[in-house]
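Please read the points below alongside the coordinates.

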Amino acid sequence: MRIPDRGCSIEEVMAMLEAAGARDLPWREGRTFAYVYEGGCDVEEVAKRAYMRFLTENALDPTVYPSLLKFETEIVAMAIAHLRGDDQCVGNFTSGGTESCLLAVKAARDYARRERGIAEPHMVLPVTAHAAFQKAAHYFDMEMTLVPVDPETYRVRAEDMAAAIRPETILLVASACQYAHGVVDPIPEIGALAEARGLLLHVDGCIGGFILPYFRRLGAPVTDFDFAVPGVTSISMDFHKYAYAPKGASVILYRSRELRRHQIFTGATWTGYSVINPTIQSTKSGGPLAATWALLHYLGDEGYLRFAARTLEATRAIAEAIRANPHVRLLGTPEASLLAFAADDFPVFPIVDIMRKKGWFVQPQLGYMGSKANIHLSIDQSTIDLLGAFLPDLEAAIEEARRSNLRLSDDMRAMLASFTPETFTRETYRALMEMAGTSGGLPEGTAPINLMLDAMRPEVAGIVMTEYFNDLYVPPASAPRAGAGG
Ligand SMILES: Cc1ncc(COP(=O)(O)O)c(C=O)c1O
């Protein structure tokens with residue numbers, strides 16, 4: 001495929017774009033329980049107009065675009081106030097939760113090296129912390145220890161975090177809330193631990209940080225997690241989740257400028273312009289900044305509280321329905337608007353495909369370290385209007401999954417569990433993908449492959465995922481198809 005010889009009209013281009021989008025999830029109807037947060041038509045319109053107005057402005061250089069500096073410092077100020085910080089707190093706008101988490105780890109690593117003389121800094125995190133922290137360890141060459149969580153509550157115990165601390169440890173991580181089960185870690189206890197041991201504590205509020213203060217104001221029990229908790233030294237919080245901003249909107253906040261200093265990269269040892277990057281991106285569109293700033297003003301605190309009330313009501317209704325269903329069980333006690341459920345007598349993954357046929361997207365999660373295979377739901381304010389259709393469909397899907405004979409035989413399970421990274425070959429990968437009905441391109445159903453992945457060692461499942469994406473993202477005309485000898 002090459003660049004088309006001649007350009008076409010905007011109508012033709014838009015028609016092609018629309019055709020490409022036809023197979024996407026119908027997110028605008030509030031039927032997706034992950035990835036999408038829907039504020040409604042007016043919110044979308046405000047975000048689009050603000051985004052388009054600043055689409056091309058470049059936040060790389062605030063001296064050229066003081067507008068973007070204004071948006072960023074004001075968004076950060078509002079975030080700090082929302083999370084009960086004081087006038088010593090600082091922060092930056094980033095492209096998303098992962099970038100915010102990466103920066104928290106990078107700042108901690110460089111603080112450890114420059115100010116504490118720790119050459120090989122180490123961090124301690126619960127296994128429920130977002131994979132972005134493991135990605136940070138991987139990218140920034142940090143040592144880490146994953147701590148198991150309580151098998152009933154899915155909260156990490158402060159004493160288990162304490163037991164993992166080493167002389168080189170610089171950073172503890174906890175979540176408010178963690179993605180998988182929507183549970184908030186005991187941040188006050190972990191904050192006390194961080195203070196007592198002279199460590200940094202990052203609270204990952206990427207998904208829960210914005211909505212939890214509203215839930216607290218609505219009377220829901222919410223564990224303290226923000227800058228009001230002594231010992232918390234940085235917090236990540238996304239606007240592109242429950243603040244309804246377009247994708248590409250998050251903040252990383254620090255209790256002090258002394259710590260944030262270690263986040264900033266400057267490049268004066270090359271021949272070009274002076275590079276001063278507070279965050280990972282260098283050139284960055286003003287669109288997400290302007291849209292986030294615009295929505296904070298458009299909805300205001302009162303608008304967000306209204307959305308949060310709808311979200312809380314929907315979450316409670318769904319949690320109640322799951323608790324009332326004898327065939328599944330809710331995992332832990334979710335404090336935010338996310339939850340997960342598992343089943344003890346049948347595989348849950350078919351629920352995803354059954355629900356997909358009914359027009360809903362619910363998310364499969366593989367089992368790991370005490371958290372068994374489950375179905376995740378991120379609940380949105382728009383869900384409240386659909387509960388009457390969603391709850392019966394979910395109940396029917398659970399029933400159908402119970403009766404499904406899509407299960408792995410004991411032999412198959414044993415074979416899958418026996419693979420190691422050394423014995424798992426490209427041929428085995430192709431054979432398994434064919435067996436799962438996924439011999440190239442996007443799969444029709446996800447249950448077979450998830451059942452297989454769940455039975456494998458995580459490091460082998462990781463190889464399968466890498467191979468799959470390595471095959472998926474290839475130029476269309478020459479895409480090798482797994483199983484087709486490519
Ligand atoms: C708790 C938590 N941290 C980090 C992230 C990563 O955020 P993003 O997908 O915006 O990079 C997520 C995403 O859902 C999350 O839930």
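1. Strands E10 and E11 (residues 338–342) run antiparallel and are joined by two bridges. Strands, written E, are DSSP runs of at least two residues, and helices, written H, are H or I runs of at least four, both numbered from the N terminus. Within this pair, Leu-330 faces Phe-341 of E11.

2. The model is predicted, so local features are taken at pLDDT of at least 70 and side-chain atom pairs only at pLDDT 80 or more, while totals for chains, interfaces and linings use all residues. Numbering starts from 1 along each chain as its sequence is written, and side-chain values use heavy atoms, with hydrogens and water left out.

3. The E10–E11 pair belongs to an open four-stranded sheet with antiparallel pairing, ordered E10-E11-E13-E12. Its edge strands are E10 (329–330) and E12 (363–365), each of which pairs on one side only. Two strands count as paired if DSSP finds at least two bridges between them.

4. A second open sheet has seven strands in the order E1-E7-E6-E5-E4-E2-E3, with mixed pairing. E1 (90–94) and E3 (143–147) are at the edges with a single partner strand each, so one side of each has no neighbour in the sheet. On average, neighbouring strands of this sheet are turned by 20 degrees against each other, direction ignored. The axes behind that angle are lines fitted to C-alpha atoms.

5. Inside the seven-stranded sheet, E4 (residues 169–175) and E5 (residues 200–205) pair in the parallel sense over five bridges. His-202 in E5 is the bridge partner of Val-173.

6. Two backbone features deserve a look. Most residues other than glycine have a negative phi, and most peptide bonds are trans. The bond from Ala-176 to Cys-177 is cis, with omega near -5 degrees; Cys-177 lies in the loop between E4 and helix H7 (187–197). Tyr-35, not a glycine, has a positive phi of about 75 degrees, and is found in the loop between helix H1 (10–21) and H2.

7. How much space lies in the second largest pocket? The volume is about 770 Å³. A pocket here is an open set of points on a 1 Å grid over the protein atoms alone, with protein on both sides within 12 Å along at least five of seven lines; a cavity is a set where a 1.4 Å probe fits but cannot get out, and lining residues have an atom within 4 Å of a point. Volumes are the space filled by probe spheres set on the points, which are joined across faces, edges and corners.

8. The lining of this pocket has 24 residues, with Trp-27, Arg-28, Glu-44, Pro-246 and Lys-247 nearest its centre. Helix H2 (residues 41–53) gives the most, with six residues.

9. Mean pLDDT, the predictor's confidence in each residue from 0 to 100, is 95 for the protein chain, and 98% of its residues reach 70 or more. Residues 482–486 stay under 50. For that stretch the model has 11 contacts (heavy atoms within 4.5 Å) beyond four places in sequence.

Conventions. Axes fitted to C-alpha atoms, helices over the stretch in contact; angles between N-to-C directions.
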